[in-house]
Amino acid sequence: MGFIWFWLVAIMLVAYVVFDGFDLGVGILHPFIAQTDEERQITLRSIGPVWDGNEVWLLAGGGTLYFAFPLLYASAFSGFYLALMIVLWLLIGRAVSVELRSHIHMDVWRSFFDSLFFASSALLAIFYGAALANVIRGVPLGEDGYFFLPLWTNWRVGPQPGILDWYTVIGGVLALVALTVHGALYLAMKTEGALQIRARAATHWIGLLLLILTVLSLPASVFARPDTLDNYRNYPVLFLIPAVILFSLIGIIQFSRKADDGKAFGCSCVYLTMMMVGAAVALYPRLLPSSADPSRDITIPKAISGPYALHVGLIWWTLGMILAATYFVVVYRMFRGKVSLDTSGYGH
């Protein structure tokens with residue numbers, strides 16, 4: 001059951017990254033690609049029907065983590081308390097900017113909400129990438145399974161790191177660039193005219209930067225955590241994961257150049273999925289590694305709930321996922337097609 005629940009949590013986190021990732025990317029690009037108020041309304045309208053539903057995957061993932069691995073939930077949420085509070089305020093800021101911009105008809109307030117939308121989206125992407133890098137690198141777990149991380153120490157990886165060091169900064173920048181590309185491809189797929197042309201242009205040069213950062217992230221991960229590739233060496237078939245990542249990056253660049261926005265966006269979804277799966281494979285069976293003593297790692301056997309709870313929970317999780325999947329299919333089908341400012345707004 002531990003193996004099953006590990007991957008169920010991973011699936012929910014992957015779903016959040018793929019779905020809410022393009023929302024964040026649209027927010028990052030919002031002040032740069034949309035040059036008029038009409039274009040800014042279109043960018044917001046492109047994610048308007050789905051952005052809040054996409055965030056459900058984050059809440060569901062956190063709830064599943066609490067249910068299946070309570071020790072990990074308690075340790076991570078206390079150790080990353082400062083970062084989690086910052087993320088919470090950024091989520092609130094993004095929600096406020098999206099919901100209130102269209103209801104206050106004053107230029108100064110619209111400019112404020114546009115800036116808030118950009119800043120909260122960009123910082124969320126950076127914090128998410130840094131958080132994943134912290135998990136891969138490891139944290140200074142104590143004998144009781146808890147830890148404390150300052151925002152930064154000496155910017156080096158080691159037994160007593162901070163939330164921010166050179167490796168987690170790479171992770172944050174990689175996430176920022178990856179989600180920016182994801183958002184640009186989504187905008188290219190959902191818009192027309194000058195806005196679509198600018199979204200495609202952004203994909204061209206940011207996509208090359210993403211390729212460079214992705215290639216750089218592998219040796220950086222191995223340096224920060226020497227046992228990162230152990231599972232890959234034990235099961236060589238897993239090296240297909242980085243191969244798929246590379247081909248998906250090539251697909252993003254090639255399909256974008258051919259103006260095949262749907263396939264380029266699909267390649268971006270594959271890229272984000274495989275990056276998350278690759279990280280999960282590198283960690284398994286650890287849930288949260290120790291940066292100082294491997295014997296203190298929080299592993300699946302240490303953190304897993306009781307068997308009865310897991311079996312009953314699997315039934316309710318399955319029912320919940322059926323409802324969620326149905327909702328997403330209906331919503332995305334209703335609001336498919338290009339976005340405009342006319343009465344219907346979608347589907348043409």
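A contact here means heavy atoms within 4.5 Å. On that basis, residues 24 or more positions apart account for 74% of the contacts in the protein with a separation of 6 or more. The model is predicted: local features need pLDDT of at least 70, side-chain atom pairs count only at pLDDT 80 or more, and totals for chains, interfaces and linings use all residues. Residues are numbered from 1 along each chain as its sequence is written, and side-chain values use heavy atoms, with hydrogens and water left out.

The secondary structure consists of 14 helices and two strands; helices (H or I, at least four residues) and strands (E, at least two) are DSSP runs, numbered from the N terminus. Along the principal axes, the C-alpha atoms fill a box of roughly 60 × 40 × 40 Å. The radius of gyration, taken over C-alpha atoms, is compared with a globule rule of 2.2 Å times the number of residues to the power 0.38. For 348 residues a compact globule would have a value near 20 Å, and the protein agrees because its own value is 20 Å.

Of the 348 residues, 50% are buried, where buried means under 20% relative accessible area, exposed over 50%, and partly exposed in between (1.4 Å probe, protein chains only). The protein exposes about 16,300 Å², and carbon and sulfur atoms supply 73% of this area; accessible areas come from the Shrake-Rupley method with a 1.4 Å probe, and for residues only the protein chains shown count as cover.

Helix α2 (residues 37-47) illustrates the burial. Glu-39, Ile-42, Thr-43, Leu-44, Ser-46 and Ile-47 are buried in this helix. The cover over the buried residues of α2 includes α1 (2-33), α3 (51-54), α6 (81-100), α7, α8 and α9.

Charges come next. Lys and Arg count as positive and Asp and Glu as negative, while His and the chain ends are not counted. Each charge is placed at NZ of Lys, CZ of Arg, CG of Asp or CD of Glu. The mean positions of the 21 positive and 21 negative charges are 6 Å apart.

Side chains of opposite charge can pair when their charged atoms come close. The structure holds 15 salt bridges, each a side-chain nitrogen of Lys or Arg within 4 Å of a carboxyl oxygen of Asp or Glu. One of them joins Arg-296 and Glu-143 at 3.5 Å, N to O. This pair links distant parts of the chain, 153 residues apart: Arg-296 lies in the loop between β1 (286-288) and β2 (298-299), and Glu-143 in the loop between α7 (107-137) and α8 (166-190). Arg-296 has 30% relative accessibility and so counts as partly exposed, whereas Glu-143, at 73%, is exposed.

A salt bridge also joins Asp-261 and Arg-200, at 2.7 Å, N to O. Here the link runs between helix α12 (residues 261-283), which holds Asp-261, and helix α9 (residues 193-224), which holds Arg-200, 61 residues apart. Asp-261 counts as buried because its relative accessibility is 8%. Gln-196, in helix α9, touches Asp-261 as well as Ala-188, Thr-191 and Lys-338, not counting residues up to four places away in sequence. With a relative accessible area of 11%, Gln-196 is buried.

Asp-260 forms a salt bridge with Lys-263, with the closest N and O atoms 3.8 Å apart. Asp-260 is partly exposed at 27%, and Lys-263 is partly exposed at 49%.
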